[in-house]
Amino acid sequence: MKQKRENKKSGFLSFAQAVFISADLSSQNDLDSNSGACAFGFLFSFLPLVLMVFSILVRIMHASKEALREAMADIPFLEGIFNFSEIINSVNLSNSMTLVDVVLGAWIFWMARNLFLYIQKGITHIFHKEADKRPVLNQFLIFGGELILVFGAAALILISISFKTLKFDSAFIDLKNSFHPRLLNSISATINVVPYILIFIMVFLALKFYTGTKPQAKLCAAAAFLSTAVFVATVIFLNVFLDFKRYSLIYGILGNLVILLFEVKIFFFLFFVAAQFVFVIQFFDDLLLAKLYLLPDHDETDLLGAVNRALFIRPDFLIKNFNSAKKFNVGETIVEKNSTGDSVYYIIAGSVKRMAENHVAFLDRGEMFGEESCLLNIAHNADFIAATECRILEISGATFRRLIELNGDAAKKAVKKFASRI
């Protein structure tokens, strides 16, 4: 029972550390600006995407323009911004393709890619140090996302049109009444949920394939579900408590556009937060190790520094993952002078005495030692002895060198420590 409580406490601490790192990196990566760029990309790409969807419905799926108008009439919010009747009328019904149609189609397709280009850039900003360089594949992924969205939206509208046609059919009404009187409402409610399922699928695919780091599918699914759920809850909250008429009075016909862009920006902000969390979970070892090495001093008076030290001084996740924590009794030698090794050591608990020629120093909980030997490939220039009963985490040299290579702040601290000892 005690072990179970400890595991639960350790899991909660690791989750809190992951959330804190995500919030810190979200601020550094300026997710707000990235989400604003995507909202602009959505505005720029919306009409080309709509034209492609309508063209597919009319020319490939043979939906009538009248049925399309009825389907779009259920979205008065967008109708106040865009004249869908005019857009539908502009779609050519002819099955023959001219050179002009091909050129215009290619141009419309190219214009619509702006949204997915901004999404890719935002994700690259988050994963840039870890993601593989793949410019050609990224272009294919941008076009692939565009195609999935266009055909998915076309399928949704077609389902809506089919259901509208079917629900007035006498045979369907008889079938509905024979099974359950609420069958029609159940089907209608299910169709209303389908757009959010499409959003979840798009977010999942973007997190899984746009990152270039091959995150686990279950991690991407969990992040996609949470971001979609929070977005849906936010939209419901806004619809209940926001006075849309007030915005219409202030901005006129642009009032709906202002609210639409606000909701789109919220969606992309949540999407990038989910991407940032996927990054943190995927590379939690490296990020937590960086926090350990950059841990503020115990006499830190700054509030943020004190919070950092209190939250990250216990690296339970690394202790479990590295499986290299050792206990030392008072007076026991941890590292011997002139010995060689490819490890760095972190003091989990207790105090360590560093004994060099004519110099004695004490290292406390939360400090590291052994960096010089690890990075410079030289023998240790001091003895490290347990001043109290202590517990030490041994970190491999390869792991620590990767930290120094990827984290500029950690590299600066290492150089500063070397200089102070010289």
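1. Of the 422 residues of the protein, 41% count as buried. The model under discussion is a predicted one. Its secondary structure comprises 19 helices and 8 strands. Among contacts between residues at least 6 apart in sequence, 81% join residues at least 24 apart.

2. How many of the 10 residues of α14 are buried? The count is 9, and the helix is accordingly described as mostly covered. The buried residues of α14 include Phe284, Leu287, Leu288 and Leu292, and also the charged residues Asp286 and Lys291.

3. The packing of α14 against another helix may be considered next. Two packed helices are described by the angle between their axes and the distance between the axes. On the side of α14, the contact is made by Asp286, Leu289, Ala290 and Tyr293; on the side of α18, Thr399, Phe400, Arg402, Leu403 and Ile404 take part. The residues of this contact divide into 6 nonpolar, 1 polar and 2 charged. Asp286, Leu289, Ala290 and Tyr293 also belong to the buried residues of α14.

4. Tyr293 has a further neighbour to be noted. The charged end of Lys413 sits over the ring of Tyr293, at 5.2 Å from the ring centre. Tyr293 itself is buried.

5. The aromatic residues form the next topic. A pair of aromatic rings is described by the distance of the centres and the angle of the planes. The model contains 12 aromatic pairs. One of them joins Phe267 and Phe268 in an edge-to-face arrangement, with 5.1 Å from centre to centre and 70° between the planes. Phe267 and Phe268 are both buried.

6. Which arrangement, stacked or edge-to-face, is found for Phe369 and Phe384? This pair is stacked, with its centres 4.5 Å apart and an angle of 15° between the planes. The pair links distant parts of the chain, 15 residues apart: Phe369 lies in strand β6 (residues 368-369) and Phe384 in strand β7 (residues 383-386). Both Phe369 and Phe384 are buried.

Notes. Residues are numbered from 1 along each chain as its sequence is written. This is a predicted model: local features need pLDDT of at least 70, side-chain atom pairs count only at pLDDT 80 or more; totals for chains, interfaces and linings use all residues. Side-chain values use heavy atoms; hydrogens and water are left out. Contact means heavy atoms within 4.5 Å. Helices (H or I, at least four residues) and strands (E, at least two) are DSSP runs, numbered from the N terminus. Rings of Phe, Tyr and Trp (its six-membered ring) pair if their centres lie within 6.5 Å; planes under 30 degrees apart count as stacked, over 60 as edge-to-face and the rest as tilted. Buried means under 20% relative accessible area, exposed over 50%, partly exposed in between (1.4 Å probe, protein chains only). A charge sits over a ring if NZ of Lys or CZ of Arg is within 6 Å of the ring centre and within 35 degrees of the ring normal.
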